[in-house]
Number of protein chains: 2
Amino acid sequence: MIIGLIGFGKVSQNIVDLIKSDDIEFITSLENRSSKTTEAIEKRKIKALDTFKEVAAASDILISANSPKNALEVAKSYGKYCNGIYLDLNNISPETTFKINEYVGDLVDGAIIGKIDSDNPTIYLSGKKSGELLFLDEFVNTFKISDEIGDAAILKLLRSTYTKTLSALLIESVEVAKEYDLENEFFEVLSLTEGENFREKSISRINNTLSNSKRKSEELDEIINYFIKNDLVMVKAALEKLSRFQP
Amino acid sequence: MIIGLIGFGKVSQNIVDLIKSDDIEFITSLENRSSKTTEAIEKRKIKALDTFKEVAAASDILISANSPKNALEVAKSYGKYCNGIYLDLNNISPETTFKINEYVGDLVDGAIIGKIDSDNPTIYLSGKKSGELLFLDEFVNTFKISDEIGDAAILKLLRSTYTKTLSALLIESVEVAKEYDLENEFFEVLSLTEGENFREKSISRINNTLSNSKRKSEELDEIINYFIKNDLVMVKAALEKLSRFQP
(Lines give C-alpha, C1' and ligand atoms only; values in the text may rest on other atoms or scores of the structure.)
Protein backbone atom coordinates (compact mmCIF):
# COMPACT_ATOMS: atom_id res chain seq x y z
CA MET A 1 0.00 0.00 0.00
CA ILE A 2 1.24 3.47 -0.89
CA ILE A 3 0.59 6.44 1.39
CA GLY A 4 1.30 9.82 -0.18
CA LEU A 5 2.07 12.85 1.93
CA ILE A 6 1.36 16.45 0.99
CA GLY A 7 2.82 18.64 3.67
CA PHE A 8 5.69 17.34 5.73
CA GLY A 9 5.48 19.08 9.08
CA LYS A 10 5.03 17.59 12.54
CA VAL A 11 1.93 15.62 11.60
CA SER A 12 3.40 13.86 8.55
CA GLN A 13 6.74 13.29 10.26
CA ASN A 14 5.05 11.62 13.20
CA ILE A 15 2.80 9.54 11.02
CA VAL A 16 5.85 8.19 9.21
CA ASP A 17 7.58 7.56 12.55
CA LEU A 18 4.56 5.81 14.07
CA ILE A 19 3.51 3.70 11.09
CA LYS A 20 6.23 1.13 10.53
CA SER A 21 5.14 -1.71 8.30
CA ASP A 22 6.66 -3.69 5.43
CA ASP A 23 3.33 -3.42 3.64
CA ILE A 24 3.31 0.37 3.61
CA GLU A 25 5.42 2.62 1.45
CA PHE A 26 5.40 6.39 2.00
CA ILE A 27 5.92 8.73 -0.91
CA THR A 28 6.06 12.49 -1.24
CA SER A 29 7.63 15.16 -3.43
CA LEU A 30 10.40 17.68 -2.91
CA GLU A 31 8.58 20.16 -5.18
CA ASN A 32 8.89 23.64 -3.63
CA ARG A 33 10.18 22.24 -0.34
CA SER A 34 12.41 24.14 2.07
CA SER A 35 15.85 22.67 2.71
CA LYS A 36 14.79 21.83 6.27
CA THR A 37 11.79 19.83 5.07
CA THR A 38 13.88 18.15 2.37
CA GLU A 39 16.27 17.09 5.10
CA ALA A 40 13.45 15.66 7.24
CA ILE A 41 12.22 13.69 4.22
CA GLU A 42 15.67 12.39 3.28
CA LYS A 43 16.43 11.46 6.88
CA ARG A 44 13.39 9.15 6.80
CA LYS A 45 14.41 7.70 3.41
CA ILE A 46 11.04 8.50 1.87
CA LYS A 47 10.69 8.10 -1.86
CA ALA A 48 10.31 11.53 -3.48
CA LEU A 49 8.51 11.91 -6.82
CA ASP A 50 8.99 14.94 -9.04
CA THR A 51 5.59 16.53 -8.45
CA PHE A 52 2.69 16.37 -5.99
CA LYS A 53 0.44 15.66 -8.96
CA GLU A 54 2.35 12.39 -9.43
CA VAL A 55 2.19 11.70 -5.67
CA ALA A 56 -1.59 12.17 -5.71
CA ALA A 57 -2.01 9.87 -8.70
CA ALA A 58 0.19 7.11 -7.27
CA SER A 59 -1.28 6.98 -3.71
CA ASP A 60 -3.78 4.54 -2.26
CA ILE A 61 -4.16 7.01 0.58
CA LEU A 62 -3.24 10.66 0.09
CA ILE A 63 -2.73 12.54 3.35
CA SER A 64 -3.09 16.31 3.37
CA ALA A 65 -1.42 17.69 6.51
CA ASN A 66 -0.55 21.31 5.88
CA SER A 67 -1.37 24.56 7.56
CA PRO A 68 -5.16 25.04 7.98
CA LYS A 69 -5.16 28.01 5.60
CA ASN A 70 -3.63 25.94 2.76
CA ALA A 71 -5.89 22.92 3.18
CA LEU A 72 -8.52 24.03 0.66
CA GLU A 73 -5.94 25.09 -1.93
CA VAL A 74 -4.19 21.72 -1.68
CA ALA A 75 -7.51 19.93 -2.19
CA LYS A 76 -8.31 22.13 -5.22
CA SER A 77 -4.88 21.48 -6.76
CA TYR A 78 -4.43 17.76 -6.15
CA GLY A 79 -7.80 16.29 -5.14
CA LYS A 80 -8.74 15.63 -8.75
CA TYR A 81 -5.63 13.47 -9.36
CA CYS A 82 -6.22 11.28 -6.30
CA ASN A 83 -7.69 7.87 -7.15
CA GLY A 84 -7.58 6.51 -3.62
CA ILE A 85 -8.75 7.91 -0.30
CA TYR A 86 -7.98 11.57 0.41
CA LEU A 87 -7.40 11.91 4.16
CA ASP A 88 -7.51 15.49 5.38
CA LEU A 89 -5.70 15.84 8.74
CA ASN A 90 -5.58 19.63 8.81
CA ASN A 91 -7.04 21.42 11.81
CA ILE A 92 -9.88 22.94 9.79
CA SER A 93 -13.45 24.04 10.38
CA PRO A 94 -16.45 21.98 9.29
CA GLU A 95 -17.16 24.60 6.56
CA THR A 96 -13.70 24.18 5.04
CA THR A 97 -14.16 20.41 5.22
CA PHE A 98 -17.42 20.69 3.27
CA LYS A 99 -15.72 22.88 0.66
CA ILE A 100 -12.84 20.43 0.30
CA ASN A 101 -15.39 17.68 -0.25
CA GLU A 102 -16.40 19.41 -3.49
CA TYR A 103 -12.92 18.94 -4.95
CA VAL A 104 -12.13 15.45 -3.72
CA GLY A 105 -13.61 12.05 -4.64
CA ASP A 106 -13.27 9.87 -1.57
CA LEU A 107 -12.68 12.28 1.25
CA VAL A 108 -12.07 11.16 4.81
CA ASP A 109 -12.18 13.89 7.42
CA GLY A 110 -9.70 13.34 10.25
CA ALA A 111 -9.26 15.03 13.61
CA ILE A 112 -6.13 14.52 15.64
CA ILE A 113 -6.85 14.72 19.36
CA GLY A 114 -3.98 15.38 21.71
CA LYS A 115 -0.55 16.38 20.52
CA ILE A 116 0.42 14.59 17.32
CA ASP A 117 4.04 14.54 18.45
CA SER A 118 3.18 12.66 21.62
CA ASP A 119 3.61 8.88 21.83
CA ASN A 120 -0.09 8.39 21.90
CA PRO A 121 -2.20 10.62 19.68
CA THR A 122 -5.73 9.63 18.73
CA ILE A 123 -7.31 10.11 15.32
CA TYR A 124 -11.07 10.35 14.79
CA LEU A 125 -12.32 9.79 11.25
CA SER A 126 -15.54 10.46 9.40
CA GLY A 127 -16.63 9.88 5.82
CA LYS A 128 -17.92 6.91 3.84
CA LYS A 129 -14.48 5.37 3.34
CA SER A 130 -13.24 5.94 6.88
CA GLY A 131 -13.78 2.28 7.80
CA GLU A 132 -11.08 1.36 5.29
CA LEU A 133 -8.56 3.35 7.33
CA LEU A 134 -9.16 1.53 10.60
CA PHE A 135 -6.11 -0.65 9.92
CA LEU A 136 -4.17 2.44 11.12
CA ASP A 137 -5.32 1.61 14.64
CA GLU A 138 -2.44 -0.88 14.77
CA PHE A 139 -0.08 2.13 14.81
CA VAL A 140 -2.11 5.10 16.11
CA ASN A 141 -5.39 4.98 18.10
CA THR A 142 -7.96 5.36 15.33
CA PHE A 143 -11.73 5.59 15.61
CA LYS A 144 -14.46 5.95 13.02
CA ILE A 145 -17.21 8.39 13.99
CA SER A 146 -19.64 8.08 11.11
CA ASP A 147 -20.06 8.18 7.33
CA GLU A 148 -20.77 11.91 7.47
CA ILE A 149 -18.09 14.25 6.18
CA GLY A 150 -17.58 17.03 8.73
CA ASP A 151 -18.26 15.00 11.85
CA ALA A 152 -14.56 14.80 12.74
CA ALA A 153 -14.22 18.58 12.39
CA ILE A 154 -17.41 19.15 14.39
CA LEU A 155 -16.18 16.83 17.13
CA LYS A 156 -13.01 18.86 17.35
CA LEU A 157 -15.06 22.06 17.73
CA LEU A 158 -17.19 20.40 20.42
CA ARG A 159 -14.06 19.42 22.28
CA SER A 160 -12.78 23.00 22.04
CA THR A 161 -16.15 24.33 23.21
CA TYR A 162 -15.53 22.54 26.46
CA THR A 163 -11.76 22.92 26.92
CA LYS A 164 -11.41 26.56 25.89
CA THR A 165 -14.41 27.71 27.93
CA LEU A 166 -13.13 25.70 30.88
CA SER A 167 -9.84 27.62 30.66
CA ALA A 168 -11.74 30.91 30.87
CA LEU A 169 -13.60 29.62 33.92
CA LEU A 170 -10.30 28.63 35.55
CA ILE A 171 -8.87 32.07 34.82
CA GLU A 172 -11.87 33.70 36.49
CA SER A 173 -11.95 31.39 39.53
CA VAL A 174 -8.24 31.62 40.25
CA GLU A 175 -8.36 35.40 39.85
CA VAL A 176 -10.82 35.65 42.74
CA ALA A 177 -9.06 32.99 44.82
CA LYS A 178 -5.82 34.99 44.52
CA GLU A 179 -7.55 38.14 45.61
CA TYR A 180 -8.60 36.46 48.86
CA ASP A 181 -5.19 34.83 49.25
CA LEU A 182 -6.83 31.42 48.95
CA GLU A 183 -5.25 30.18 45.72
CA ASN A 184 -3.55 27.17 47.33
CA GLU A 185 -6.67 26.21 49.23
CA PHE A 186 -8.77 26.59 46.06
CA PHE A 187 -6.61 24.05 44.24
CA GLU A 188 -6.44 21.74 47.26
CA VAL A 189 -10.15 21.72 47.85
CA LEU A 190 -10.91 21.00 44.21
CA SER A 191 -8.27 18.30 43.98
CA LEU A 192 -10.44 16.32 46.40
CA THR A 193 -13.10 15.91 43.71
CA GLU A 194 -11.33 16.79 40.43
CA GLY A 195 -8.28 14.57 40.81
CA GLU A 196 -4.83 15.02 42.26
CA ASN A 197 -3.39 16.68 39.16
CA PHE A 198 -6.03 19.42 39.19
CA ARG A 199 -3.62 22.18 40.18
CA GLU A 200 -0.92 21.29 37.65
CA LYS A 201 -3.41 20.80 34.82
CA SER A 202 -5.30 23.99 35.62
CA ILE A 203 -2.20 26.16 35.79
CA SER A 204 -1.01 24.75 32.49
CA ARG A 205 -4.42 25.48 30.93
CA ILE A 206 -4.47 29.02 32.24
CA ASN A 207 -0.93 29.78 31.07
CA ASN A 208 -1.50 28.22 27.68
CA THR A 209 -4.67 30.24 27.18
CA LEU A 210 -3.28 33.56 28.38
CA SER A 211 -0.12 33.27 26.30
CA ASN A 212 -2.19 32.54 23.19
CA SER A 213 -5.23 34.61 24.03
CA LYS A 214 -5.58 36.13 20.57
CA ARG A 215 -5.61 32.75 18.82
CA LYS A 216 -7.85 31.22 21.51
CA SER A 217 -10.29 34.10 21.05
CA GLU A 218 -10.39 33.48 17.31
CA GLU A 219 -11.14 29.83 17.97
CA LEU A 220 -13.93 30.72 20.41
CA ASP A 221 -15.32 33.07 17.79
CA GLU A 222 -15.29 30.28 15.23
CA ILE A 223 -17.19 28.01 17.65
CA ILE A 224 -19.82 30.68 18.36
CA ASN A 225 -20.32 31.29 14.64
CA TYR A 226 -20.47 27.66 13.67
CA PHE A 227 -22.96 26.72 16.42
CA ILE A 228 -24.83 29.99 15.96
CA LYS A 229 -28.29 28.44 16.32
CA ASN A 230 -27.40 27.25 19.81
CA ASP A 231 -26.66 30.71 21.19
CA LEU A 232 -23.71 29.59 23.32
CA VAL A 233 -23.83 31.84 26.37
CA MET A 234 -20.94 30.13 28.14
CA VAL A 235 -18.63 30.34 25.13
CA LYS A 236 -19.58 33.99 24.54
CA ALA A 237 -18.68 34.72 28.16
CA ALA A 238 -15.33 32.95 27.65
CA LEU A 239 -14.65 35.17 24.63
CA GLU A 240 -15.54 38.25 26.69
CA LYS A 241 -13.29 37.01 29.50
CA LEU A 242 -10.31 36.54 27.16
CA SER A 243 -10.87 39.93 25.55
CA ARG A 244 -9.81 41.46 28.89
CA PHE A 245 -6.35 39.99 28.48
CA GLN A 246 -5.69 41.43 25.05
CA PRO A 247 -3.78 44.57 24.30
CA MET B 1 -13.58 16.90 76.46
CA ILE B 2 -17.22 17.75 75.95
CA ILE B 3 -18.62 18.50 72.48
CA GLY B 4 -22.08 20.05 72.47
CA LEU B 5 -24.35 19.77 69.47
CA ILE B 6 -27.02 22.25 68.46
CA GLY B 7 -28.86 20.79 65.53
CA PHE B 8 -28.95 17.06 65.07
CA GLY B 9 -29.35 16.46 61.36
CA LYS B 10 -27.03 14.62 58.98
CA VAL B 11 -23.97 16.67 59.91
CA SER B 12 -24.20 16.15 63.67
CA GLN B 13 -25.20 12.50 63.32
CA ASN B 14 -22.18 11.82 61.13
CA ILE B 15 -19.84 13.72 63.38
CA VAL B 16 -20.95 11.55 66.29
CA ASP B 17 -20.57 8.42 64.16
CA LEU B 18 -17.10 9.40 62.90
CA ILE B 19 -15.62 10.69 66.13
CA LYS B 20 -15.27 7.73 68.45
CA SER B 21 -13.00 8.38 71.39
CA ASP B 22 -13.05 7.65 75.11
CA ASP B 23 -11.84 11.19 75.71
CA ILE B 24 -14.81 12.82 74.00
CA GLU B 25 -18.32 13.05 75.34
CA PHE B 26 -21.12 14.40 73.16
CA ILE B 27 -24.00 16.28 74.71
CA THR B 28 -27.14 17.88 73.30
CA SER B 29 -30.67 18.71 74.36
CA LEU B 30 -34.09 17.38 73.45
CA GLU B 31 -35.60 20.87 73.81
CA ASN B 32 -38.13 21.39 71.00
CA ARG B 33 -36.91 18.30 69.13
CA SER B 34 -39.04 16.24 66.76
CA SER B 35 -39.64 12.62 67.73
CA LYS B 36 -37.48 11.49 64.81
CA THR B 37 -34.52 13.57 66.00
CA THR B 38 -35.06 12.45 69.59
CA GLU B 39 -34.89 8.87 68.35
CA ALA B 40 -31.60 9.53 66.45
CA ILE B 41 -30.13 11.06 69.63
CA GLU B 42 -31.28 8.21 71.88
CA LYS B 43 -30.05 5.61 69.40
CA ARG B 44 -26.55 7.06 69.78
CA LYS B 45 -26.87 7.18 73.61
CA ILE B 46 -26.00 10.87 73.70
CA LYS B 47 -26.45 12.67 76.99
CA ALA B 48 -29.35 15.13 76.72
CA LEU B 49 -29.47 18.20 78.95
CA ASP B 50 -32.72 20.09 79.58
CA THR B 51 -31.89 23.16 77.51
CA PHE B 52 -29.48 24.28 74.76
CA LYS B 53 -28.41 27.08 77.07
CA GLU B 54 -27.06 24.44 79.44
CA VAL B 55 -25.46 22.59 76.50
CA ALA B 56 -23.69 25.78 75.39
CA ALA B 57 -22.43 26.49 78.91
CA ALA B 58 -21.12 22.94 79.47
CA SER B 59 -19.30 22.47 76.13
CA ASP B 60 -15.59 22.77 75.39
CA ILE B 61 -16.61 22.84 71.75
CA LEU B 62 -20.11 23.85 70.73
CA ILE B 63 -21.05 22.79 67.22
CA SER B 64 -23.81 24.63 65.40
CA ALA B 65 -25.02 22.49 62.50
CA ASN B 66 -28.50 23.59 61.60
CA SER B 67 -30.19 24.84 58.49
CA PRO B 68 -28.34 27.83 56.98
CA LYS B 69 -31.27 30.14 57.68
CA ASN B 70 -31.24 29.33 61.43
CA ALA B 71 -27.49 29.68 61.87
CA LEU B 72 -27.52 33.35 62.87
CA GLU B 73 -30.47 32.93 65.25
CA VAL B 74 -28.73 30.03 66.99
CA ALA B 75 -25.59 32.13 67.42
CA LYS B 76 -27.63 35.04 68.81
CA SER B 77 -29.45 32.76 71.27
CA TYR B 78 -26.62 30.56 72.55
CA GLY B 79 -23.31 32.14 71.54
CA LYS B 80 -23.18 34.23 74.69
CA TYR B 81 -23.39 31.14 76.94
CA CYS B 82 -20.55 29.34 75.19
CA ASN B 83 -17.26 29.45 77.11
CA GLY B 84 -15.35 27.20 74.72
CA ILE B 85 -14.95 27.23 70.96
CA TYR B 86 -18.08 27.83 68.88
CA LEU B 87 -17.71 25.84 65.66
CA ASP B 88 -20.15 26.86 62.96
CA LEU B 89 -20.59 24.09 60.38
CA ASN B 90 -23.61 25.54 58.61
CA ASN B 91 -23.46 26.10 54.89
CA ILE B 92 -23.57 29.87 55.22
CA SER B 93 -22.27 32.89 53.34
CA PRO B 94 -19.24 34.89 54.46
CA GLU B 95 -21.60 37.75 55.42
CA THR B 96 -23.61 35.53 57.78
CA THR B 97 -20.35 34.25 59.23
CA PHE B 98 -19.22 37.82 59.96
CA LYS B 99 -22.58 38.56 61.63
CA ILE B 100 -22.35 35.42 63.75
CA ASN B 101 -18.90 36.52 64.84
CA GLU B 102 -20.51 39.52 66.58
CA TYR B 103 -22.48 37.21 68.88
CA VAL B 104 -19.86 34.59 69.64
CA GLY B 105 -16.59 34.74 71.59
CA ASP B 106 -14.27 32.19 70.05
CA LEU B 107 -15.78 31.47 66.67
CA VAL B 108 -14.33 28.92 64.28
CA ASP B 109 -15.76 28.97 60.78
CA GLY B 110 -16.00 25.50 59.24
CA ALA B 111 -16.71 24.36 55.68
CA ILE B 112 -17.55 20.75 54.96
CA ILE B 113 -16.34 19.72 51.53
CA GLY B 114 -17.88 16.68 49.91
CA LYS B 115 -20.90 14.93 51.33
CA ILE B 116 -20.83 14.87 55.11
CA ASP B 117 -22.54 11.49 55.09
CA SER B 118 -19.78 9.94 53.02
CA ASP B 119 -17.01 7.93 54.67
CA ASN B 120 -14.50 10.60 53.91
CA PRO B 121 -15.64 14.21 54.26
CA THR B 122 -13.13 17.01 54.65
CA ILE B 123 -13.50 20.00 56.95
CA TYR B 124 -11.71 23.31 56.37
CA LEU B 125 -11.47 25.66 59.33
CA SER B 126 -10.66 29.31 59.81
CA GLY B 127 -10.51 31.54 62.86
CA LYS B 128 -7.97 32.20 65.61
CA LYS B 129 -8.80 29.07 67.58
CA SER B 130 -9.04 26.73 64.59
CA GLY B 131 -5.62 25.23 65.33
CA GLU B 132 -7.08 23.82 68.56
CA LEU B 133 -9.52 21.74 66.54
CA LEU B 134 -6.93 19.99 64.41
CA PHE B 135 -7.09 16.98 66.74
CA LEU B 136 -10.31 16.20 64.80
CA ASP B 137 -8.10 15.17 61.88
CA GLU B 138 -7.74 11.80 63.60
CA PHE B 139 -11.42 11.18 62.78
CA VAL B 140 -12.27 13.44 59.82
CA ASN B 141 -9.81 15.09 57.37
CA THR B 142 -9.39 18.52 58.94
CA PHE B 143 -7.38 21.47 57.66
CA LYS B 144 -6.79 24.94 59.04
CA ILE B 145 -6.92 27.71 56.41
CA SER B 146 -6.06 30.79 58.43
CA ASP B 147 -6.87 32.86 61.50
CA GLU B 148 -9.35 34.92 59.52
CA ILE B 149 -13.04 34.36 60.21
CA GLY B 150 -14.86 33.96 56.89
CA ASP B 151 -12.07 32.24 54.97
CA ALA B 152 -13.77 28.84 55.22
CA ALA B 153 -17.03 30.30 53.91
CA ILE B 154 -15.18 32.16 51.12
CA LEU B 155 -13.34 28.98 50.14
CA LYS B 156 -16.67 27.24 49.83
CA LEU B 157 -17.93 30.03 47.54
CA LEU B 158 -14.75 29.77 45.46
CA ARG B 159 -15.27 26.06 45.09
CA SER B 160 -18.87 26.65 44.00
CA THR B 161 -17.74 29.32 41.55
CA TYR B 162 -15.85 26.62 39.73
CA THR B 163 -18.14 23.59 40.12
CA LYS B 164 -21.47 25.29 39.44
CA THR B 165 -20.19 27.21 36.42
CA LEU B 166 -18.58 24.03 35.13
CA SER B 167 -21.98 22.33 35.28
CA ALA B 168 -23.47 25.10 33.14
CA LEU B 169 -20.63 24.64 30.64
CA LEU B 170 -21.28 20.90 30.53
CA ILE B 171 -24.99 21.52 29.95
CA GLU B 172 -24.17 23.81 27.03
CA SER B 173 -21.54 21.54 25.45
CA VAL B 174 -23.61 18.38 25.68
CA GLU B 175 -26.64 20.22 24.29
CA VAL B 176 -24.71 20.97 21.09
CA ALA B 177 -23.08 17.52 20.95
CA LYS B 178 -26.55 15.94 21.14
CA GLU B 179 -27.79 18.12 18.33
CA TYR B 180 -25.06 16.77 16.04
CA ASP B 181 -25.59 13.24 17.33
CA LEU B 182 -22.05 13.26 18.69
CA GLU B 183 -22.78 12.94 22.42
CA ASN B 184 -20.94 9.62 22.84
CA GLU B 185 -17.94 10.84 20.85
CA PHE B 186 -17.89 14.08 22.85
CA PHE B 187 -17.56 12.15 26.10
CA GLU B 188 -15.05 9.69 24.61
CA VAL B 189 -12.79 12.34 23.18
CA LEU B 190 -12.73 14.29 26.42
CA SER B 191 -12.13 11.18 28.50
CA LEU B 192 -8.74 10.99 26.78
CA THR B 193 -7.61 14.14 28.60
CA GLU B 194 -10.13 14.59 31.45
CA GLY B 195 -10.01 11.09 32.90
CA GLU B 196 -11.92 7.89 32.34
CA ASN B 197 -14.80 8.85 34.59
CA PHE B 198 -15.49 12.07 32.67
CA ARG B 199 -18.78 10.85 31.20
CA GLU B 200 -20.21 9.51 34.43
CA LYS B 201 -19.13 12.54 36.45
CA SER B 202 -20.40 15.01 33.83
CA ILE B 203 -23.82 13.37 33.50
CA SER B 204 -24.19 13.33 37.25
CA ARG B 205 -23.24 17.04 37.39
CA ILE B 206 -25.70 17.95 34.65
CA ASN B 207 -28.58 16.01 36.21
CA ASN B 208 -27.87 17.33 39.67
CA THR B 209 -27.82 20.91 38.38
CA LEU B 210 -30.92 20.64 36.20
CA SER B 211 -32.98 18.97 38.90
CA ASN B 212 -32.03 21.71 41.39
CA SER B 213 -31.76 24.59 38.96
CA LYS B 214 -33.63 27.07 41.15
CA ARG B 215 -31.40 26.48 44.16
CA LYS B 216 -28.25 26.40 42.00
CA SER B 217 -29.27 29.73 40.47
CA GLU B 218 -29.68 31.24 43.92
CA GLU B 219 -26.20 30.02 44.83
CA LEU B 220 -24.73 31.49 41.63
CA ASP B 221 -26.48 34.75 42.45
CA GLU B 222 -24.94 34.73 45.92
CA ILE B 223 -21.46 34.19 44.40
CA ILE B 224 -21.92 37.05 41.91
CA ASN B 225 -23.05 39.38 44.69
CA TYR B 226 -20.34 38.44 47.14
CA PHE B 227 -17.53 38.77 44.58
CA ILE B 228 -19.18 41.81 43.02
CA LYS B 229 -15.92 43.73 42.55
CA ASN B 230 -14.61 40.96 40.33
CA ASP B 231 -17.40 41.18 37.76
CA LEU B 232 -17.64 37.42 37.18
CA VAL B 233 -18.56 37.06 33.52
CA MET B 234 -18.39 33.27 33.51
CA VAL B 235 -20.61 32.90 36.58
CA LYS B 236 -23.09 35.42 35.19
CA ALA B 237 -23.27 33.38 32.00
CA ALA B 238 -23.88 30.24 34.07
CA LEU B 239 -26.78 31.99 35.81
CA GLU B 240 -28.19 33.04 32.44
CA LYS B 241 -27.77 29.47 31.16
CA LEU B 242 -29.65 27.98 34.13
CA SER B 243 -32.43 30.56 33.82
CA ARG B 244 -33.38 28.86 30.53
CA PHE B 245 -34.26 25.70 32.45
CA GLN B 246 -36.63 27.34 34.87
CA PRO B 247 -40.39 27.54 34.59
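In which sense do β7(A) and strand β8 (residues 141–146) of chain A pair, and over how many bridges? In this predicted model, the two strands pair in the parallel sense, over 5 bridges. Within this pairing, I123(A) stands opposite T142(A) of β8(A). Strand β7(A) also pairs with strand β6 (residues 106–113) of chain A. Here the strands run antiparallel, and 5 bridges join them. G110(A) stands opposite L125(A) of β7(A) in this case.

Strand β7 spans residues 122–126 of chain A. Of its 5 residues, 4 are buried, so the strand is largely enclosed by the rest of the structure. A residue counts as buried when 20 or more other C-beta atoms lie within 10 Å of its own. In a regular strand, side chains alternate between the two faces of the sheet.

The domain assignment divides chain A into domain 1 (2–146) and domain 2 (155–243). The C-alpha centres of these two domains of chain A lie 31 Å apart. Contact between them involves 6 residues of domain 1 of chain A and 6 residues of domain 2 of chain A. On the domain 1 side of chain A, the residues that touch domain 2 comprise 5 nonpolar and 1 polar. No charged residue is found on that side.

The relation between the chains was examined next. Chain A superposes on chain B by a rotation of 180°, with 0.0 Å of shift along the axis and an RMSD of 0.0 Å. The two copies are thus related as by a two-fold rotation axis. In chain A, the C-alpha nearest this axis belongs to A237(A), 3.0 Å from it. The same surface serves both copies, since 100% of the contact residues of chain A recur in chain B.

Most residues other than glycine have a negative phi. K45(B) has a positive phi, near 55°, and is not a glycine. K45(B) is found in the loop between α2 (35–43) and β3 (47–49) of chain B. With 8 C-beta neighbours inside 10 Å, K45(B) counts as exposed. The second residue is D231(B), whose phi is also positive, at about 45°, although D231(B) is not a glycine. D231(B) is found in the loop between α9 (213–226) and α10 (233–243) of chain B. D231(B) has 11 other C-beta atoms within 10 Å and is therefore exposed.

Terms used: Residues are numbered from 1 along each chain as its sequence is written. Chains are lettered from A and ligands numbered from 1 in the order in which they are written. This is a predicted model: local features need pLDDT of at least 70, side-chain atom pairs count only at pLDDT 80 or more; totals for chains, interfaces and linings use all residues. Copies are superposed by least squares on the C-alpha atoms of residues with pLDDT of at least 70 in both. Two residues are in contact if their C-beta atoms, placed from the backbone, lie within 7 Å. Domain bounds come from an automatic or database domain assignment. Ala, Val, Leu, Ile, Met, Phe, Trp, Tyr, Cys and Pro count as nonpolar, Asp, Glu, Lys and Arg as charged, and the others, Gly among them, as polar. A residue is buried if 20 or more other C-beta atoms lie within 10 Å of its own, exposed if 12 or fewer, and partly exposed in between; C-beta atoms are placed from the backbone. Two strands pair if DSSP finds at least two bridges between them.
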